[in-house]
Amino acid sequence: MTKFRRFNFNVSLVILGITFPFLKGIAQSEDQSNGAYRDVYINKTWERLDVNKDGQFTEEDNKRLWKNLNKLLDSNGDALVSFEEFSAKKQIPYLKTEGKRKLNVLYKVTEDEDLYLDIYYPKTSKEGEKLPVVIYTHGGGWATGSRHGAANASFKTVHTALLEKGFCVVSVSYRLWKKDGTTTMRDCVIDSKDAMRYLSKHSETLGIDANRFFSFGDSAGGHISQMLLLSAPETLKGDPDLASYRYNMVAGVSWYGPCDFEDISLFNHDDSPNFKDRFGARITKPDTKTKDKLALYKEMSPINYLDKNSAPLLMIQGDKDTTIPVKHAYYMAEKANKVGAPVTTLIVKNAGHNWRKVGADINPTRESIIKTTIDYFNSYLK
């Protein structure tokens, strides 16, 4: 196989310390893009926009977001956005499909928040059929983003095409990292694995095949995709009610996701002598003892789960990526060669994070990356 900026208006929905039991009644609804869940989404997103809590969103709250959003949201041109303007414009981004949808499916309740997933079915799905499933885990540094990114930009194109190929697509929410250590990267992975266990538990009623699971994600979501693919179903348990449910991974794709946290030099894109570990604090807690850190880094490194029996993985990385350097793809390929694991790497020239162009047009093109991703999944569809 040939070695091969997304702006999402998905200001992260992080529901901290609150559960919403009234939402459980909408869990299996065909389409809940409006109603109670939308109200919660709008209110919580607004809380993050209105940083100074003065009842309006202005450049003072967040210069970067204001630059991107003021034209979209400022209806009357007064250089501020009221809650009324925001709520009138903001819709939850779901995939628009010709098939059935089950939105806002509650799969797990935690002390921090209730967790949901969205299920999209191909228009060709038939009653009683058990469909292969692509599980999408969003990016955002384990600290931002939401499952609604599945309906944006390149991900929308990939997922729409996979639905056309006959896959079921599931987009997953997981708890996000918090600086105080109450939520770590480990929780992000465990929640995502619990989402798959939930799908397995309810596979009959949901019409999906728990023996044909695929993973897909970008950046932090690419890391989680690798973890879902390579770590055994019985590892990293979360909800005890879901712990016994199994599934089988067929193949996975990681877009610019890291594979190892033990060797921090893999994140030092230019071998700077002043390099500082950027992501270690998202794995450990503030009170984690130095002697325990290595074990946590090891546990969160997908490369440590790789062996000759691993499900096939396609890693696509940009050679100019300074966030998740291309070193990760080369390191994973080296380990795969040693143990005989089925890993394919595709290096995108002139590409930074999110396939951002650096110095020249990226090669292969974004369209080719998307096609390669779709073709890779389709090649394992049986």
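Buried here means under 20% relative accessible area, and at 0% relative accessibility Phe 377 therefore counts as buried. Keep in mind that this is a predicted model. Here is a friendly tour of its nonpolar cores and its aromatic pairs.

**Nonpolar cores**
- The largest nonpolar core has 56 residues, and the members that touch the most others are Leu 117, Ile 119, Trp 142, Leu 199, Phe 213, Phe 261 and Met 332.
- Helix H5 (residues 185-201) gives this core its largest share, eight residues.
- A second, separate core holds 49 residues, including Val 81, Tyr 256, Ala 351 and Ile 362.
- Leaving aside residues up to four places away in sequence, Trp 142 touches a set of residues, among them Leu 176, Trp 177, Phe 261, Phe 279 and Arg 282.

**Aromatic pairs**
- The count of aromatic pairs comes to 20.
- Phe 155 and Phe 216 make a tilted pair, 6.2 Å centre to centre with 50° between the planes.
- This pair links distant parts of the chain, with Phe 155 in helix H4 (residues 153-164) and Phe 216 in strand E7 (residues 208-218), 61 residues apart.
- Phe 155 counts as buried because its relative accessibility is 1%, and Phe 216 does so at 0%.
- Ring pairs join Tyr 136, Phe 155, Phe 167, Phe 214, Phe 216, Trp 255, Tyr 256, Trp 355 and Phe 377 into a cluster.

**A charge over a ring**
- Lys 100 lies over the face of Tyr 121, 4.5 Å from the ring centre.

Definitions and conventions: Residues numbered from 1 in each chain as written. Predicted model: local features only at pLDDT ≥ 70, side-chain atom pairs only at ≥ 80, totals over all residues. Heavy atoms only, no water. Core = buried A, V, L, I, M, F, W, Y, C linked by side-chain atoms within 4.5 Å. Buried < 20%, exposed > 50% of the residue type's maximum accessible area, 1.4 Å probe, protein only. Helix = DSSP H or I, 4+ residues; strand = E, 2+ residues; numbered from the N terminus. Contact = heavy atoms within 4.5 Å. Phe/Tyr/Trp six-rings, centres within 6.5 Å; stacked < 30°, edge-to-face > 60°. Lys NZ or Arg CZ within 6 Å of the ring centre and 35° of its normal.
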